[in-house]
Amino acid sequence: VKMKSAQSLDIGTLVQIAETLESIVSRCFGPNGGLVLFTKATGEVLLTRDGKKILHSLLLDHPVARVLVDCVSVHCSMTGDGAKSFILLLSALLRGLQASVEKGTGRQTTCHNSSGRGKQASQEVRQVANCLLTFQTQVLDGIIKQHLSQHVTSLFSNNGQTMSKDKMNLLMEAYFCGKTGNGDCRFLSQMACDYFFKCNCEQERDSGLNLICSQFLELHTAVTGLPVHCSRILEGLVLHRDFTVYCPADGHFKALVVTEPVQPSFSATGTTLYLRSESQLQSCYSWISNRVEEVITSLQQNQVKLILSSVKQSDLVIYHAKLRGISVLECVEGEELSVFCHFNGVLPLAACWDIPHIRQEHLADVTFCKPVLLGSRRYAHVGFQNKTDFNSHCLVLCGPVLGLTEQYVSAFQGAFRMLQQTCEPVGLWNSHRLHSKHSVRSAHKTSCSLKSSLKSGNDTAADRSSDCHDDQCPAIEELHCSSASVDDEKRMEGTVKREPRKLQSKRYDCSGPLNGTNISGHGSDENSQDSTESGSCPQQSRPTSDASNELTVQRKSVLFSDPVNNVLEKCCRITVGNFEAMGQVFNQKPPETLIEAGSILPVGGVFEFLLHHYLKLYSKQDVESDTKTACNIIADAVLNIPRSVYKEKGTNRQFLEVHTKFARDIKIKGQICGWLDFNESVSCKYQLLVSVLQCLHTLVSLDFLVHSSRRTRTGVECESEDSD
């Protein structure tokens, strides 16, 4: 590896990168945002307004920008939305951090050279960033629970169990309005609500949403070339293959799932068949033909009229199936077969020798089986009697061009993830979700359980099944290692040197009224390090401030960039002096609820206005200067989102009018009045702020950017490694 000179990263560089991305996504932000047109050298055109798609379509040269986009992807995989809001909020936070640092260093600087001022500014940036990181557990959670919770409403009815269809429609319409624009949001939201209730998700809401999110690729069909209003919901499943043999069948019948060829081979695997004459060869052919005919006849006697196969069948099998009136569907994706087996409660059949002695656990009850023409392609449409509480239906999503079709598909998938996040409570135990089994990780487990149903029939066939439909977002390499050995720390001391600094934190009581009374601080004893569920960015909390549990941290963070292989290597070395504080982070008691399940607020910046209002009140109390600075920075930064929503012809007039009305209502009436009926998720907004704070701390923790170029290995070297 050839190393080039190291490049230092300062707050100004981070602001420039974030503002460049902000200038791109702000054009398509909000209900009145437009579409972005991408063109490739090949002439391919992409038209979309999906924030995540836009960021991934950019050719980003700077490695910090790629790290930022990775953090956005992780957040979207958790909440299903928030890519553009993530960039807007992060840019505002970086600008506020830069302004705060410049103001502090300009007033307190004692250095007269540029290098000394730069070092002092870097230390100030990290100090404020550490305060922002502890802001979640020390300030934000208390304000959310004690003050913002007074203004939220519930997505559920009075009993807290039944979801209100009207409120769900308003929630979905606001979501689709931001994702696809004003034109089609009402139609798409109504379609999403109909799909939710047709699938009987209300009876088993948690498991139903998990199944939709984890198996969405198998539960929808994208059609390009038709207007979006041609989208519809079909009962059953649409298998993305055309019939090899189609024989119309009336009434109920049986279906069989096979993962191996029905026609037996001449010899078993690993054996050799010796033929001494032509007559012996003809005898083998005759035996195989009779065997296939016997198998197909046995299926006909068991009322099997549909064979779903993950492999290609021989012409002999196709011929006899057509004679017996049995439809055959070949080369079906393994994920689709596993979903079919899961809904029907059956097991796939692997060995053709077992077909004459088939059992009922291998036969699925099918109500109809017919071809369906969607756009220019024909698929197999299969209906069946569900053996689970989930009533299977298929979404047919249409779009005039490929980019818009992908946008609608992404919007639907994100809508159900957003709904899943909204229906889960958020706990005060370092903001863990109370029911972790409903997270994206549990969705991946659901997907794995469906795969196991296919694997139980035949392990080799399951291994060959494609995993390209796996909905789980690939985990991104964490930017921070949890710990490093002292030897590694010593080896790095020759490269980067930094004096260790004792980090202390206090927790302030946010439960009292914000009326100017003094708020006393007390030590925190429940801080914990958040687990990186669903591939999220690591969420860390400050250690306790007791004298016996002071945590000494020496951090040296370097970002390695390899422009040749497009590889980012993040390295962070941390030496921990005392682990007693981290040994007591997890409490055996159940966490207290921070945000109730189904908590919603009106759209249009209500969450941001409320948070800004209470943070400003809190910053006026008797708190430490670092905490006050963090509150002011975040309070001003969150307004960047509604400012972008109400931006009109390059002016902030409408934003100022709305903000003034809100301040007047909250001061006089003590509540928000006159807002739109459309709603948005409180837990998603909370998770957005937490994810941005984690990303901000990650970015400002980077000290150097090191460019490296790796020589491509020769073929001889590769062969030698393979031989070893």
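Leaving aside neighbours within four places in sequence, Gly181 is in contact with Pro31, Arg49 and Phe176. Contact here means heavy atoms within 4.5 Å. The model is predicted: local features need pLDDT of at least 70, side-chain atom pairs count only at pLDDT 80 or more, and totals for chains, interfaces and linings use all residues. Residues are numbered from 1 along each chain as its sequence is written, and side-chain values use heavy atoms, with hydrogens and water left out.

Gly181 sits in the loop between helix H6 (165-180) and helix H7 (185-198). Helices (H or I, at least four residues) and strands (E, at least two) are DSSP runs, numbered from the N terminus. Gly181 counts as buried, at 5% relative accessibility. Buried means under 20% relative accessible area, exposed over 50%, and partly exposed in between (1.4 Å probe, protein chains only). Gly181 and Cys28 are 153 residues apart along the chain, and their C-alpha atoms are separated by 9.1 Å.

The largest nonpolar core holds 88 residues. Such a core is a set of buried Ala, Val, Leu, Ile, Met, Phe, Trp, Tyr and Cys residues joined through side-chain atoms within 4.5 Å. Leu89, Leu90, Leu93, Leu610, Leu615 and Ile634 touch the most other members. Beyond four places in sequence, Leu615 touches Phe135, Val139, Ile143, Cys631, Ile634 and Ala635. Another core, of 63 residues, lies apart from this one and includes Ile212, Leu329, Val366 and Phe390.

Aromatic pairs were counted next. Rings of Phe, Tyr and Trp (its six-membered ring) pair if their centres lie within 6.5 Å; planes under 30 degrees apart count as stacked, over 60 as edge-to-face and the rest as tilted. By this rule there are ten aromatic pairs. Phe343 and Phe384 form a stacked pair, 6.3 Å centre to centre with 25 degrees between the planes. Phe343 lies in helix H11 (residues 334-344) and Phe384 in strand E12 (residues 377-384), so the pair ties together parts that are 41 residues apart in sequence. Both Phe343 and Phe384 are buried. Phe340, Phe343, Phe384 and Phe390 form one aromatic cluster.

Phe384 also touches Thr367, whose other contacts beyond four places in sequence are Gly251, His252, Gly383 and Gln385. Thr367 lies in strand E11 (residues 363-374). Thr367 is partly exposed, with a relative accessible area of 25%. Between Thr367 and Asp250, 117 residues apart in sequence, the C-alpha to C-alpha distance is 8.4 Å.

Ser298 belongs to helix H9. Ser298 is buried, with a relative accessible area of 9%. Residues up to four places away in sequence aside, Ser298 touches Ile355 and Pro356.

Phe266 is placed in the loop between strand E8 (253-258) and helix H9 (278-301). At 41% relative accessibility, Phe266 counts as partly exposed.

Most residues other than glycine have a negative phi. Gln303 is not a glycine, yet has a positive phi of about 65 degrees. Gln303 is found in the loop between H9 and strand E9 (304-309). Cys331 also has a positive phi, near 55 degrees. Cys331 lies in the loop between strand E10 (327-329) and H11. At 32% relative accessibility, Cys331 counts as partly exposed.
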